[in-house]
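Here are a few friendly notes to read alongside the model.

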Amino acid sequence: MGRIFCIANQKGGVGKTTTAISLADGFAKSSAKTLLIDFDPQCNATSGLRMQPLGSSPYVKTGENCPPLRDSVVPSGMHNLDVLPGSRNIAEVDVLLRSRPEEAEKILRQIRETAGAYDFVLFDCPPSLGHLTQLALFASAEVLIPMQCEYYAMEGLTHMGAMVKKVAAQKPEDLAFAGILLTMYDAGWELTHEVDREVRNYFGENVFDIVIPRDAAVSEAQAHGMPVMDYSPRSRAARAYIELCMDILDRRTVI
Ligand SMILES: Nc1ncnc2c1ncn2[C@@H]1O[C@H](COP(=O)(O)OP(=O)(O)O)[C@@H](O)[C@H]1O
Ligand SMILES: [Mg+2]
């Protein structure tokens, strides 16, 4: 079984999708067969790789005569990287699980079967703590939380941490804390240093040493539908993401 990561934070705009795309790109470049699963109805991970969202969500079709989930996987055109594209109506999963929570097991079985063919799988989660994020946490073995150094960041992390602990207590397999990643890091701002200190005081070793700098190359890469490591390999953000990939490949931290 490969390593399955959930990239989650209930706040939007903190760098989840950028991190999911960059890690997927980095792992694929390390010769590992990698799958990126876009779990957000905004489909930014899909469009960020210049791909099309699926017309309908494949997760609610789990009946006997339905095609298996793996049939919805699409090659990205980049070596070793496949994508399970997002769909605008993936929120149907949320609605379905609210009324019929027992369906989660069927969906998880399909996800596990699809993930089984890969060395690395990454979920790009929506900005909420709803059923989609919970499902991704259930399917994952490690959770990575990108966050921006801003006011109230700690408060959000506490809610996220509680959700991770709740899911970890409910599932038989381990759910490890891959770590908190400080993104859009602006060393010129005093607030950045304050939040950095506070988060490290509180979460200690669970915060990655590496931070991702704020870098215009990220938005430019996004506009070109390319991972930043391919669009601008020498940019500060690309270098930081390469270091992060190497760090994750080297180690595994546990809650
Ligand atoms: N390191 C960075 N430097 C500059 N802009 C960034 C960086 N990371 C992300 N962004 C930009 O911030 C916005 C939100 O990032 P995104 O990864 O989509 O966050 P999320 O998935 O959490 O909503 C995007 O427009 C993205 O281009
Ligand atoms: Mg996103």
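1. Helix H3 (residues 91–99) and helix H4 (residues 103–115) pack at an angle of about 140 degrees, their axes 9 Å apart. Helices here are DSSP runs (H or I, at least four residues), numbered from the N terminus; axes are lines fitted to C-alpha atoms over the stretch in contact, with angles from 0 to 180 degrees between N-to-C directions. H3 and H4 are therefore oblique to each other (under 35 degrees is roughly parallel, over 145 roughly antiparallel, 65 to 115 roughly perpendicular, the rest oblique). Val 93, Leu 96 and Leu 97 of H3 meet Glu 103, Ala 104 and Ile 107 of H4, where contact means heavy atoms within 4.5 Å.

2. A word on provenance: this is a predicted model, in which local features need pLDDT of at least 70 and side-chain atom pairs count only at pLDDT 80 or more, while totals for chains, interfaces and linings use all residues. Residues are numbered from 1 along each chain as its sequence is written, chains are lettered from A and ligands numbered from 1 in the order written, and side-chain values use heavy atoms, without hydrogens and water.

3. H3 also packs with helix H5 (residues 131–139), at about 85 degrees and with axes 8 Å apart. That makes H3 roughly perpendicular to H5. On the H5 side, the contact is made by His 131, Leu 132 and Leu 135.

4. Now the ligand: oxygen atoms of ligand 1 lie 3.0 Å from a backbone N or O atom of Val 14 and 3.0 Å from a polar backbone atom of Gly 15. A nitrogen atom of ligand 1 is 2.9 Å from a polar backbone atom of Pro 213.

Technical notes:
Helix = DSSP H or I, 4+ residues; strand = E, 2+ residues; numbered from the N terminus. Polar contact = N/O pair within 3.5 Å; in protein donor to acceptor, adjacent residues only side chain to side chain.
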